[in-house]
Amino acid sequence: RKLLKEFNKPVYALRGNHEKEEVLTGLQQTVPNFHYTRNDWASFDDCAVYLMDSHYKPSLNTHRKF
């Protein structure tokens, strides 16, 4: 948290395969410049970027035997 605060720039995080949502949500609540985003747009000067949640959720159908 201290390192993120000292960075003094906006920090954006996406959830991947190993990040816990509770940790990212907690950082967002306690570090003013930390932004946890899920499927949303962020603007940086004259550039807009879509930040897509990359957390893999296996479908119940993927293990079905035919």
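Colleague: Where do Lys-2 and Glu-6 lie?

Modeller: Both sit in helix α1 (residues 2–7), four residues apart, about one turn of the helix. Helices here are DSSP runs of H or I, at least four residues; strands are E runs of at least two, and both are numbered from the N terminus. The model is predicted, so local features need pLDDT of at least 70 and side-chain atom pairs 80 or more, while totals for chains, interfaces and linings use all residues. Residues are numbered from 1 along each chain as its sequence is written, and side-chain values use heavy atoms, without hydrogens or water.

Colleague: How far apart are the closest N and O atoms of Lys-2 and Glu-6?

Modeller: 4.0 Å, and the pair forms a salt bridge. That term means a side-chain nitrogen of Lys or Arg within 4 Å of a carboxyl oxygen of Asp or Glu.

Colleague: Are Lys-2 and Glu-6 buried or exposed?

Modeller: Both are exposed. Exposed is over 50% relative accessible area, buried under 20%, partly exposed in between (1.4 Å probe, protein chains only).

Colleague: How many salt bridges does the structure hold?

Modeller: Three. Arg-15, Glu-21 and Arg-38 are linked in a network. Glu-21 pairs with Arg-15 at 3.6 Å and with Arg-38 at 3.8 Å. Glu-21 is in helix α2 (residues 21–30) and Arg-38 in the loop between β2 (34–36) and β3 (40–44), so this pair ties together parts 17 residues apart in sequence.

Colleague: And how accessible is Arg-15?

Modeller: Arg-15 is buried, at 16%. Glu-21 is partly exposed at 31%, as is Arg-38 at 42%.
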